[in-house]
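Colleague: I am new to this structure. Could you take one part and look at it closely with me?

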Amino acid sequence: MKFLKSCFNRLRNSAIRRREERLNEEIAGHIELQTEENLRAGIPPAEARRQALLKFGAVESMKEEYRAVHHFVFLDALLQDIRFAFRMLRKSPGFTAVAILTLALGIGANTAIFSVTDAVLLKPLPYKNPARLVWPTLQFPKTDLHGSFVPHPIYFAWRDQNHVFSGIAATHFVQEFTLTGTGAFPERIAGMRVSANFFSVLGIELARGRSFNSQEDRPGGPQVAVLSYGIWQSRYAGNPEILGRTIMLDDKEYSIVGVLPASFKFSTLGMQPQVYLPLAAPAVNASSPIWFLGVIARLKPGVTLAQAEADLSLIDSHALPLLPKFFGDYTQKVDLSIVSLHDHLTGSVRTPLSVLMAAVGFILLIACANIANLQLSRGTVRAREFGLRSALGATRFRLARQLLTETMLLSVLGGLVGVIVGFWGLSLLRSFMPSGLLNVLSVHIDAVALAFAIAASVMAGVISALAPMLSLSGANLNDAIQAGRIQIPGSRKNAFLRNLLAVSEVAAALILLVAAGLLLKSFVRLTSVSPGFDPHNVLTARISLPYNRYSTDAQQAAFSVQLLGRISVLPGVLAASLSTSLPNMLSSEMRMGIEGRPVPAYNDPTATVPLDSVSDAYFRTLKIPILSGRGFDDGDGPNTEKVAIVNREFVQRFFPRGENPIGRHILMAVGTSDQTPVSIVGVCAAIRRAGPGEKPLPQVFQPLAQSPSTEISILLRTASNPTALLSALRLQVLAIDKELPLFDVSTMDDLLAGETRGQRFETSAVGLFAALALLLAGVGIYGVISYLVSQRTHEIGVRMALGAQRGDVLRIVVRDGLFIAGTGIIIGIGGALVLTRLLRSLLFQITPTDPSTYSVVAIILVTLSLAACWIPARRAMRVDPLIALRYE
Amino acid sequence: MKEKPEEKTEMKSDVQQGTLALMILKTLEVLGPVHGYGIARRIEQISGELLAVNQGTLYPVLLRLEQEGAISSKWGASENNRRARFYQLTRAGRKLLQAETREWKQTEAILSRFFELKPEDLR
């Protein structure tokens, strides 16, 4: 900094000096010539020179004008201001460090959050003309079909009959495939079925080969695949002759027809497909299954969302009644919505991001208030200096500019450090952020974010300069210069401004603290909800048996038995079991009824119940209590009576009148030709499969031996750190079948933590900002109170001389501090009541007006203000009346 | 005697803004490269002492014209063999002079027509 400054000065000085020298020489020459001419006219030498000078005019004023032409006057004053500001800042390094650090934190936090907001909410999606891309979708609110999707017959109708889209493409959900046969180890990869025009609707050119054609996008068409750039590189080493070769997915061959460019990104539900297959949705007839699709369409130029909605509604009115009976009576009440693809992809993070943006905005405002306050205090101390300067001819404007320059310098320095803080903060944010969006949007500090940081610094500079400048305009500078050291006029307006600033700091800090408190409380409640089983020291992994080699129940059951036999005896394993799904995932569902009761209506949602097959030790492994009856055991084999264990929620739904469920029979696949009776032998406690925020669902378990599956989840309860067993587990699986990949390996604790990752992120970020705000507000109160004490030293001295005790002095000081805190708290509570409504959708089991959170926060702030008063109060109590009065 | 020059200044007309620049440009066009003193003398001679300019006021105008690129300057030797700054019209300056001259003549023509107006002309 110093080096730069001196360089700049030298450069400027030399430029000015050269120009001044040139002018001086010209003037000298000019006068010389005129004098000679006068001499030739016969004027005596002394008079000749005098006349020449007279004729030339006032040299100094001309020089001023000359410099003005050179535009150096403004720059000169500015440089002078900056130099002076530097000197002032250097003179009080403590103030400077606090101010720069404060601003750096404020600007850094803003830059980091802004760069995320910019990438997620402001930047266009990485597709061609993304503003025209929309996401039309349907909701069936009266059914138990949750969420938004488009049944594929409706997609066909839209595709064939719409007048509003230049293209309409469909995606199926992301599936997992086992990739084998390329020489390397087997691997699970994500794949997605998409309509043939998917890439062209997004406006993506393939890097190699072609997309699907309409021949391939129909049932029974050729088996083809398009690879992502990533899998082409990792699995095929970027082989340029890739086209026409085959890829083995779940033991089926697909011919590779194209490769996507490296820049292409698509993500849905946090999954990024690595291979794309043709949609090939089934033809529409009464017996065909219904596929639930996601639809992406490109609006024709000039078509609005409302027009598109009207057009699709019209098509729906004909197409919905043609849906199979499955959708039954519900077709009348269907909600159509069309949003931009951007809104669809970013909808879930909009609220958390706005909350964070607001939080960092508050931080910056508090930081500005702090700087302004510090400047104000110093401004009054510097009243004499300003008085002197104005006596020497400085205008008010000039003084105001000086103040502005000083705060600007501070905020620019703060901004520089802030950008570094921002880089650091962003990497912190990135490690916390839910991963889904980051797959599509690249988040980093770019030119836009830097421009934002600069704008924020300048704004911070102006805002923090406002109050000191305002106080300058009212102050009587003449009084200031006449006043002695003791009676510096702390004008009433100044005191008011200072209090106002401190009060607003407290208010802003309270709002942030309330937000953080609510989020924290909600997070604690969310994570303290028992999942219904003991997740500690459990290792989980999944296997998917390829159907062509494990097609019969006997093959699947044999694999399970062999695997269980191997992993149960691994050293360190307390209990081992297999299940068709992990306890934090939703299981597949089955329509069922109770024997002896009427068959439930086809579209009765309550007849559909989650169903899992589990091995004997499942309940012991997860420590799920059996409430009545028995667990599964070796006796429950393929040839014995079919049995089931149900959970308490199942009993409540199907046996609401307290009947004993043990011994009753469930009819699986009720009402169909596959209907099978199963005897209930036990009742277990419920587990929360849908996440901690959701109610437990009814559930039925069957023994794996009686109902084997190709989808297998492994659960190992271990004596100590479960991850230590990972390689042993992998070896055992490969020993049975060397083509089987083990995937989704994790500990149960990590899986559950992943469910609350978003909340963890919001809570820790807002909590961090609230702590920062608390710190800054504390510094603010401290600054004001210690300033007030230093101003009142004389008054306190008089009071003590007149007999006031230390306790009285303490009371005076603390009263001032509590006044600020109290006013700030009241205003802050008002603001928080309004603003925390923003948080409502992020909160779990707690209202935004939770009184206990507000009380705790208020108590924290009062304690903080008392602490901030403590040091100045002690100084006040130590005032020696003799010394204080001697200044008189 | 001492206050006379100042009185004289007040009586003579003030130089209109921009006029001085135009005079400088015209002077340079006629004389070629010349130093500041030369320009000052020439303007005094042509205006026939009707126009009194403090010679010093020339220099800021010269600097401005140079910054605008209408004139250029370099060191040379004056009549008394001293170093002096010689000013010269640039190509841009020549164009500027032509444009200014045209404008000035137009203004002059319009104004003189107004001055020739008699009451009966307006009827």
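Modeller: What follows starts at one strand and works outward to the rest of the chain. Keep in mind that this is a predicted model.

Take strand 1 of chain A, residues 133–139. Is it mostly covered or mostly open? It is mostly covered, since six of its seven residues are buried. A residue counts as buried at under 20% relative accessible area.

Now look at the neighbours of strand 1. Which strands pair with strand 1 of chain A? Strand 11 of chain A, residues 335–340, is one of them. The two run antiparallel and share six bridges. Strand 10 of chain A, residues 292–299, is also a partner of strand 1. That pairing is antiparallel too, over two bridges. Strand 2 of chain A, residues 148–151, joins strand 1 through two bridges, again antiparallel.

Find Leu133(A): opposite it, in strand 10 of chain A, stands Arg298(A). Then move to Leu138(A). In strand 11 of chain A, its bridge partner is Leu336(A). In strand 2 of chain A, Leu138(A) stands opposite Phe149(A).

Next comes helix 6 of chain A, residues 152–161. This helix is mostly covered, with seven of its ten residues buried. The buried ones are His152(A), Pro153(A), Ile154(A), Tyr155(A), Phe156(A), Ala157(A) and Trp158(A). What do these buried residues pack against? Strand 1 is on the list, along with its partners strand 2, strand 10 and strand 11 of chain A. Strand 3 (165–180) and helix 9 (305–319) of chain A complete it.

Arg159(A) and Asp160(A) form a salt bridge, with their closest N and O atoms 3.1 Å apart. Arg159(A) is partly exposed, because its relative accessible area is 37%. Asp160(A) counts as exposed, because its relative accessibility is 53%.

Now step back to the whole chain. Chain A has 26 helices and 22 strands. It has 888 residues, and 51% of them count as buried. Look at contacts between residues at least 6 apart in sequence: 80% of these join residues at least 24 apart. The chain exposes about 40800 Å², and carbon and sulfur atoms supply 61% of that.

In soluble globular proteins, nonpolar side chains tend to be buried together. Where does the largest nonpolar core sit in this chain? This core has 74 residues, and Phe769(A), Leu839(A) and Leu861(A) have the most contacts inside it. Several helices of chain A give it two or more residues, including helix 5 (93–122), helix 10 (341–381), helix 16 (492–528) and helix 22 (757–791). The largest share, 15 residues, comes from helix 22. Apart from this core lies another, of 31 residues, among them Val150(A), Val295(A), Ala319(A) and Leu323(A). Val150(A) falls within strand 2, residues 148–151. Val295(A) falls within strand 10, residues 292–299. That brings us back to the partners of strand 1.

Among the residues it touches are Ala109(A), Ile113(A), Leu356(A), Val360(A) and Leu512(A).

Ile454(A), Val458(A), Val462(A) and Leu466(A) make a nonpolar patch of about 330 Å². Leu466(A) belongs to helix 14 of chain A, residues 447–474.

Finally, the charged pairs. Side chains of opposite charge can pair when their charged atoms come close. The count is 23 salt bridges over all chains. In one, Arg50(A) meets Glu47(A), at 3.5 Å from N to O. Both lie in helix 2 of chain A, residues 45–56, three residues apart, which is about one turn of the helix. Arg50(A) is partly exposed at 33% relative accessible area, and Glu47(A) is partly exposed at 27%.

Asp636(A) and Arg630(A) form another salt bridge, with the closest N and O atoms 3.0 Å apart. Here Asp636(A) is buried, because its relative accessible area is 5%. Arg630(A) is partly exposed, at 31%. Shared partners also link Glu37(A), Lys55(A), Arg41(B) and Glu44(B) into one network of salt bridges.

Technical notes
Residues numbered from 1 in each chain as written. Chains lettered and ligands numbered in written order. Predicted model: local features only at pLDDT ≥ 70, side-chain atom pairs only at ≥ 80, totals over all residues. Heavy atoms only, no water. Buried < 20%, exposed > 50% of the residue type's maximum accessible area, 1.4 Å probe, protein only. Helix = DSSP H or I, 4+ residues; strand = E, 2+ residues; numbered from the N terminus. Pairing = 2+ DSSP bridges. Contact = heavy atoms within 4.5 Å. Areas by Shrake-Rupley, 256 points an atom, 1.4 Å probe, with all protein chains shown as cover. Patch = residues over 30% accessible without salt bridge, like charges linked within 9 Å, V, L, I, M, F, W, Y side chains within 5 Å. Salt bridge = Lys/Arg side-chain N within 4 Å of Asp/Glu carboxyl O. Core = buried A, V, L, I, M, F, W, Y, C linked by side-chain atoms within 4.5 Å. Lists of a residue's contacts leave out its neighbours within four places in sequence.
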